[in-house]
Amino acid sequence: MSRLLVEIDGQTVPLTDCFWVRVDKSGCAYGSMVGHAAATPEQAHREFAPRARDRDRDVRQGYTIRLLTREQWRQQAQPCFLGQCVHRKAAA
Ligand SMILES: [Zn+2]
């Protein structure tokens, strides 16, 4: 599992160097975990939301699970966790 490679935007990277994030429909990140914690978005979603009812609600509300490289995580997810992202500014 630790040697699993994934392709993200044309880059091949080890899954261990990636992060799964749970994002709302505006792209704002609400949860994050290391790449090797799951092998598929479905598995990652089960980690974020163990109860099927919660996962169904996520899907209905437009939440998605994305796999990001370390660099993408820094650019796209970290500002959300710091409350400094464009999504929250747009919503404020
Ligand atoms: Zn955000």
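Two strands are taken to pair if DSSP finds at least two bridges between them, helices (H or I, at least four residues) and strands (E, at least two) being DSSP runs numbered from the N terminus. The structure is a predicted model, in which local features need pLDDT of at least 70 and side-chain atom pairs count only at pLDDT 80 or more, whereas totals for chains, interfaces and linings use all residues. Residues are numbered from 1 along each chain as its sequence is written.

Three strands form an open sheet in the order 4-3-5, with antiparallel pairing. Strand 4 (29-34) and strand 5 are the edge strands, each pairing on one side only. Strand 3 and strand 4 run antiparallel and are joined by five bridges, and V23 stands opposite A29 in strand 4.

Helix 1 lies across strand 3, strand 4 and strand 5 and runs at about 110° to strand 5, while helix 3 lies across strand 3, strand 4 and strand 5 at about 130° to strand 5 (axes are lines fitted to C-alpha atoms, for helices over the stretch in contact, with angles from 0 to 180 degrees between N-to-C directions).

The largest nonpolar core has 18 residues, and those with the most contacts inside it are F19, W20, V21, A29, L68 and A77. Strand 3 (18-23), helix 1 (41-48), strand 5 (64-69) and helix 3 (70-81) each supply at least two residues of this core, to which strand 3 gives the most, with five residues. Such a core is a set of buried Ala, Val, Leu, Ile, Met, Phe, Trp, Tyr and Cys residues joined through C-beta atoms within 7 Å, a residue being buried if 20 or more other C-beta atoms, placed from the backbone, lie within 10 Å of its own.

Conventions. Buried ≥ 20, exposed ≤ 12 C-beta atoms within 10 Å, placed from the backbone. Contact = placed C-beta atoms within 7 Å.
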